[in-house]
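This report asks to be read alongside the coordinates. Please keep the model open while going through the paragraphs below.

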Amino acid sequence: MAGVEYLSPEGLRVDGRRPPELRKVQARLGVFQQSDGSAYLEHGNTKVLATVNGPHESTNWSRASNDSAFVNCQFSMATFSTGERRRRPKGDKRSTEMSHFMQDTFEKAILTHLYPRSQIDIYVQILQADGGHLAACINAASLAVMNAGIPMKDLVCACSTTLVEETAILDVNYLEESAGPLITMAVLAQSGSIILTQMERRLHMDHLPALLEAGAKGCKDVSVLMNGFLRSHVTDQLAIQGIPQ
Amino acid sequence: MKDPPSSKNERQFVLKAIEERKRLDGRGIYDYREISVNLGQERGHVEVAIGNTRVLCQVSGEVVKPPANRPTDGLLFFNVELSPMASASFEPGRSSPMAVQLSRFLEHALKDSRAVDTESLCIVADEKVWSIRVDVHVLDHCGGLATACSVAAVVALSHFRRPDVSVVGEEVTVHSLQDREPVPLNIYHMPICVVVGFFHDGKYLIIDPTWQEEREMDGSLTVGMNVHREVCLLSTSGKVPLSIEQILRCTQMASVKVAEITELIKKVLSGDSVQKKATRADIAPVGMDTEPSTSRPVKKKKKKASKHADVSIIGTNTGGIGLGGASAWSDGDDADKPKAVASVATDSDSGDEVTMVLNDVGFKSSR
């Protein structure tokens, strides 16, 4: 979009943030009773709901493995999530691709070898789409998996980043998504090792290191926030059950 | 049918070889297999082979109405078919995740990175645009599918020619391939995907894993780049987490490989265009005064419509009108064969009406 000033001369983005600032992240865990684990996460205006069921008996024998659980992810965007109400078919390529990325990410993080021949289902639904969808979904799913009590190597934190006028900006919103190459990164919180890198559009090689570094830093900031959510949730639960801490 | 897991022996053999920096087919760890690109007779048809991996790509175009939200852009579709021919683990019909992933790779690398100019595909805004469809069929899966598919798609798009279109006011004329020289698509750059496989928890890496190596690898990174060192696609897969240094190192290696592969592609395309120019020079355009040779009747152009087509008599019982020479099937006298020679009277203006009068040989044809 010509004419949109992604970075003002003072260094402010379209919504008034500075380049390395994330949007306001809010989360609630255990929002559903029926599923083993659930989480609701907001990245600014992007609102995502994630539920986890499992580990349970595998319903898909062809994918069941004798030595590990397999992670079954399903991604969907609600019809009312974008500005125009658009019905998205279940099996369309974009959804399948996102589901595949999430499955890839969580198979690396969850200790699947503890649950052979079983299946872990992760369902993610975007309620309001304002950019940074894959990152928000991964974060929400990560909290939901924690809520379900499924052991993971570490918390999975994701962040989206793009390059605008030689500056890397973090946690892109819908407007900024079309500004340049979009990279979504997911890392394991403590070690910082990257378990997902997904890039769209073109980017010159020379800009890649800066963008990857910025993405890693963004993920680290997200991990701090997510740790805070987990701790406050556990504290609240203990208080509700009357257990002195 | 699910792929049977590899035996312990096979797995250990492959891993040990990687540890000793050896590949099963004797390549170096950074070497690509031999890439061969074969262009078909038809425009937009190409077959690519990387070692034993073979893919076939066909590009086709048609005029459609554009979607409401993008009235001035042409459409570009990518589809990768994994047929059971390629591997027993591919099921017919159902679209597997791998097929979707490869299609999405092509979409990211070629469509999202603006490799093809879609604005030039617009004919009349909001009414008619070109819809270009790229179909890649995997014929034999021996590893490195992302590279094979991207090379095939890029070459096929560069090779493809769409019919020329002229717009006069409200009227749109799509010229046939004989009328006007078909027009190539605008290709800005050629993104090629390079697959890097990681072994031993990311300690060792190889470029262009074969199918056996793909089975044992811990993780992979697919880098799509073009010759201008722009990264168009970056996608991780598998079980091993990576570090930023590893990703950057892979992009460095990929840029070298992409330069080599693009060199090969350009050579193939220029070789083909030279060949096509040479064959066109052999067939001289038909003039009104030239006598058509009896052995090779020449088809007349629509613009220079003549009153009637000339019939050439080839052999005892055979006459020919139009393209094609003597029939290869008749090789002797056949008394039963009907002896007929047809003369054709055509309307010079429309060229549509054709009246055929069948005569016996020896009679004068009526006009």
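Residues are numbered from 1 along each chain as its sequence is written, chains are lettered from A and ligands numbered from 1 in the order in which they are written, and side-chain values use heavy atoms, with hydrogens and water left out.

**Confidence**

For the complex, the predictor reports an ipTM of 0.86 together with a pTM of 0.79. Where pLDDT is low, the predicted coordinates should not be read in detail.

**Fold and surface of the chains**

Chain A contains four helices and 10 strands, where helices (H or I, at least four residues) and strands (E, at least two) are DSSP runs numbered from the N terminus. Read from the N terminus on, the order of elements in chain A is β-β-β-β-α-β-α-β-β-α-β-β-β-α. With a radius of gyration of 18 Å, close to the 18 Å that the globule rule gives for 245 residues, chain A is as compact as a globular protein of that length; the radius is taken over C-alpha atoms, and the rule is 2.2 Å times the number of residues to the power 0.38. Along the principal axes, the C-alpha atoms of chain A fill a box of roughly 55 × 45 × 40 Å. Chain A carries 23 positive and 26 negative side chains, and the centres of the two sets lie 4 Å apart; Lys and Arg count as positive and Asp and Glu as negative, without His and the chain ends, and each charge is placed at NZ of Lys, CZ of Arg, CG of Asp or CD of Glu.

The secondary structure of chain B amounts to five helices and 19 strands. The table sets out further totals for the chains, with buried meaning under 20% relative accessible area, exposed over 50% and partly exposed in between (1.4 Å probe, protein chains only). Accessible areas come from the Shrake-Rupley method with a 1.4 Å probe, and for residues only the protein chains shown count as cover.

| Property | Value |
|---|---|
| Chain A, buried residues | 55% of 245 residues |
| Chain B, buried residues | 43% of 367 residues |
| Chain A, accessible surface | about 10,900 Å², 50% from carbon and sulfur atoms |
| Chain B, accessible surface | about 20,000 Å², 52% from carbon and sulfur atoms |

Among contacts between residues at least 6 apart in sequence, 66% in chain A join residues at least 24 apart, and for chain B the corresponding share is 63%.

**Backbone details**

Most residues other than glycine have a negative phi, and most peptide bonds are trans. The peptide bond from Gly54(A) to Pro55(A) is cis, with omega near -10°, and Pro55(A) belongs to strand E3 (residues 46-57) of chain A. Arg201(A) has a positive phi near 70°; Arg201(A) sits in the loop between strand E9 (194-200) and strand E10 (203-204) of chain A and, at 22% relative accessibility, counts as partly exposed. In chain B, Asp126(B) has a positive phi near 75° and lies in the loop between strand E5 (122-124) and strand E6 (128-140). Asp126(B) is partly exposed, with a relative accessible area of 41%.

Definitions and conventions
This is a predicted model: local features need pLDDT of at least 70, side-chain atom pairs count only at pLDDT 80 or more; totals for chains, interfaces and linings use all residues. Contact means heavy atoms within 4.5 Å.
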